[in-house]
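Please keep the sequence and the structure in view while reading.

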Amino acid sequence: MRNLATVLLLLFSVGFSRAQSDDNKVMIIIIDGARYTETFGDPQHTYIPEMWRLAGEGTIGDKFYNNGITVTAKAIPALWCGAWTAVLDTVYQGSSTNYAQKPTIFEYFRKDKQAPSEECFYLLKYIADPWLPSFDADYGPEYWPEVYSDGATDDDVAGNTKSVIDDIKPHFLWVYLADVDHAGHSGDWENYISTIVNADRIVGELWDYLQADPFYKDQTTLFVTNDHGRHDDQHGGFQNHGCGCEGCRHIEFLAVGPNVKKGFVSDVYRTTPDFAVTASFVLGVDPAKATGNVMYEIFENEAVESYGSSDNLFFTVAPNPADENSVMTFTLQSASKVSVVLSNIYGNVLFKGGEMTMPAGEQTLSLRELGLSGNLPHSGMYFLTLNIDNAASTLKIIF
Ligand SMILES: [Zn+2]
Ligand SMILES: [Zn+2]
């Protein structure tokens with residue numbers, strides 16, 4: 001049933017959604033080596049009052065795990081790549097360092113969005129020879145982030161992050177805080193705890209800083225995680241890490257943003273490779289060579305939740321990345337009423353079409369036949385939902 005009012009509403013929502021999805025920003029903060037029992041694994045959240053405050057506005061992943069190697073040199077590249085990757089030695093511009101064999105989220109972002117390096121910042125303390133992203137033939141140095149490696153402490157990195165927010169306003173910021181791991185290795189519990197409290201304060205401050213800036217306010221998704229935890233008390237205690245114990249593997253996951261569920265605790269088992277893939281999803285880019293999965297369960301969008309299929313209803317769209325000539329293919333067990341919905345990653349409906357009865361058997365429909373040709377959205381990632389009688393199936397579509 002469509003009347004003039006619904007049509008006008010749809011037209012309005014298309015315009016609004018486009019403006020919103022084009023302005024999607026992401027900040028990622030990595031706190032190196034905080035053990036889960038000192039972060040969200042502590043029911044009193046004694047040392048993380050700020051992240052606990054943000055959790056009220058967002059989602060905690062209670063079963064987020066480093067499922068590979070629990071050392072920084074392997075786990076940070078895995079967080080970048082959305083995949084466990086070989087980390088290889090090289091000499092680059094006269095310095096000995098190493099690089100990730102697989103492409104990183106920075107490269108996916110800059111290539112897919114055709115974004116200049118100022119749109120993508122990697123902030124960390126001063127390191128003479130920072131680890132490098134990939135030399136992948138399809139991505140590589142041309143798409144690396146702007147690396148801002150300066151200062152000695154987490155506070156220095158936080159200050160530099162605020163300067164970049166003020167002066168440059170990138171869409172994508174990755175902030176690496178190293179102090180907790182160093183303090184942990186000292187074996188001094190008080191020192192270790194004080195760096196966690198400080199990193200927590202920085203997370204809260206940076207979030208508030210973004211919310212005070214109209215460029216970022218209500219348009220930014222923040223993700224916080226760790227590369228690894230530290231040994232639990234049965235495996236040597238907090239000073240070191242690197243094994244497969246619960247303490248080394250269990251890490252925090254916090255997300256806050258416009259389409260992230262509020263006050264939600266997810267108990268879905270998720271792992272390191274899912275991190276960059278989920279952030280890529282929010283950025284609207286395709287992490288083509290990643291192995292992780294999008295953590296759909298953390299998002300409010302209903303179309304996202306129904307991602308996958310119900311009642312064994314499957315369909316494909318080819319080619320995808322799509323244009324008006326792309327064709328949906330699906331099989332009907334019996335004559336059925338068919339319709340489609342295109343929505344953006346916030347769940348805003350951009351287009352509804354089809355609404356026709358089709359016979360049993362394999363069916364194909366081009367996006368043009370569905371009436372999408374005049375309504376193709378801006379380039380980016382969207383969801384196409386196929387409704388057949390009472391069943392629905394959604395897949396990721398890229399324009
Ligand atoms: Zn360490
Ligand atoms: Zn361990």
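Two domains make up the division of this protein: domain 1 covers 24-300 and domain 2 covers 304-398. The centres of domain 1 and domain 2, taken over C-alpha atoms, are separated by 34 Å. The model is a predicted one.

In secondary structure, the protein has 21 strands and 10 helices. Its radius of gyration is 22 Å, close to the 21 Å that the globule rule gives for 399 residues, so the protein is as compact as a globular protein of that length. The C-alpha trace spans about 70 × 45 × 40 Å along the principal axes of the protein.

The remaining topic is one helix pair. Two packed helices are described by the distance between their axes and the angle between those axes. Here the pair consists of helix α4, residues 105-112, and helix α9, residues 273-283. Their axes come within 10 Å and cross at roughly 20 degrees. Because angles under 35 degrees count as roughly parallel, this crossing makes α4 roughly parallel to α9. In handedness, the crossing of α4 and α9 is right-handed.

Which residues of α4 and α9 meet? From α4 come I105, Y108 and F109, and from α9 come A276, A279, S280 and L283.

Notes
Residues are numbered from 1 along each chain as its sequence is written. Chains are lettered from A and ligands numbered from 1 in the order in which they are written. This is a predicted model: local features need pLDDT of at least 70, side-chain atom pairs count only at pLDDT 80 or more; totals for chains, interfaces and linings use all residues. Axes are lines fitted to C-alpha atoms, for helices over the stretch in contact, and angles run from 0 to 180 degrees between N-to-C directions. Helices (H or I, at least four residues) and strands (E, at least two) are DSSP runs, numbered from the N terminus. Angles under 35 degrees count as roughly parallel, over 145 as roughly antiparallel, 65 to 115 as roughly perpendicular and the rest as oblique. A crossing is left-handed if the near helix is turned anticlockwise from the far one by less than a right angle, and right-handed if clockwise. Two residues are in contact if their C-beta atoms, placed from the backbone, lie within 7 Å. Domain bounds come from an automatic or database domain assignment. The radius of gyration is taken over C-alpha atoms; the globule rule is 2.2 Å times the number of residues to the power 0.38.
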